[in-house]
Amino acid sequence: MTEDIVVSIDWLADRLDEVRVVDVRDAWEFDGIGHVPGAVNVPFDRFRSSEGDEGMLPGADRWTALMEDAGIAPDDCIVAYDDEHGVFAARFLVTALLYGHDDVHLLNGDFSAWSRSHETTTDAPSVEPSTYEVREPTASPLVDFETVRDALDTDAVIVDTREAWEYEEGHLPEAVQLDWRELVDQETRGLKPDDELEAHLSDRGITPDRRIVLYCNTARRISHTYVALKHLGYDTVDFYEGSLTEWKERGGPLVEGDAADDA
Ligand SMILES: O=S(=O)([O-])[S-]
């Protein structure tokens, strides 16, 4: 349907009958404030668990049950959205990819952006439970502690997608700080235009010819950056699911201070 991992509001509006729309906001928002017509609700806290398969992945069984309850089949084209510039929806998207669901996209702009120009509803969607089976992902971007530690001594760009104050309190050696929100356009609530993104990333040395390794605290914010880089065509983007939570538990080296101190 489309190869682009990010789809526009108009693209979705033209295909509401063809795709499965997933709203990852809390149930009270979905029911009370309204949602995109036909959307199903899979709240963020239902697909995050520290007791799942790895990091915050919920586990194959829980994921399967969520997809079946939402009436989603393995080959459905999914478009996910939230009301937080896409960062929660991006986590849904990456989770789906890691459980082998290939045809999954992020709405470029969130519920607030959609509702400026398109109809919303509080009608409950009619959902037929599906049969779902997780699959091996075509290619997994997941990397573990050892792989990230080994990458420290290479040309890979390690990217910390947290806020500057968090970075200053402790970051991986030589990591580049890129708050995920720097890629967001406050007006459209989606990604900035591609040329702006490319220029901004390139200023930090984050270029498509390099291997990129992403981390944050619990792999939520890197999900958004991952989607943005994939949208721009970056090939090698490593996704450290354990992120700083595991890094600290395993005694990985940390450096204090701002980006200038590392230069
Ligand atoms: O977004 S986060 O996983 O760093 S809390």
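Predicted model: local features only at pLDDT ≥ 70, side-chain atom pairs only at ≥ 80, totals over all residues.
Reader: Why is Cys216 called buried?
Author: Buried means under 20% relative accessible area. Cys216 has a relative accessible area of 1%, so it is buried.

Reader: And what makes Cys77 buried or exposed?
Author: The relative accessible area of Cys77 is 6%. The cut-off is under 20%, so Cys77 is buried.

Reader: How many disulfides does the structure hold?
Author: The structure holds zero disulfides. To count as one, a pair of cysteine sulfur atoms would have to lie within 2.5 Å.

Reader: What follows H9?
Author: Gly233 follows H9, and its phi is positive, near 90°.

Reader: What makes strand S5 largely enclosed?
Author: Strand S5 runs over residues 104–108, and four of these five residues are buried, so the rest of the structure largely encloses it.

Reader: How do you know which strands pair with S5?
Author: Pairing requires at least two bridges between two strands. Strand S1 (residues 6–8) is joined to S5 by three bridges, and strand S4 (residues 78–81) is also joined to S5 by three bridges. Val7 stands opposite Leu107 in S5, while Ile78 has Val104 as its bridge partner.

Reader: What do S4, helix H4 and S5 make?
Author: With helix H4 (residues 87–98), S4 and S5 make a right-handed β-α-β unit. Right-handed here means that, with the strands pointing away from the viewer, the path from the first strand over the helix to the second runs clockwise.

Reader: Which way do the residues of strand S9 point?
Author: In strand S9 (residues 212–215), Ile212 and Leu214 point one way, Val213 and Tyr215 the other way, and all are buried. In a regular strand the side chains alternate between the two faces of the sheet.

Reader: How do you know that S9 pairs with S7 and S10?
Author: Four bridges join strand S7 (residues 157–160) to S9, and three join S9 to strand S10 (residues 237–240). At least two are needed, so both pairs qualify. Each pair runs parallel. Val159 has Leu214 as its bridge partner in S9, and Ile212 has Val237 in S10. S9, H9 and S10 make a right-handed β-α-β unit.

Technical notes: Residues numbered from 1 in each chain as written. Heavy atoms only, no water. Buried < 20%, exposed > 50% of the residue type's maximum accessible area, 1.4 Å probe, protein only.
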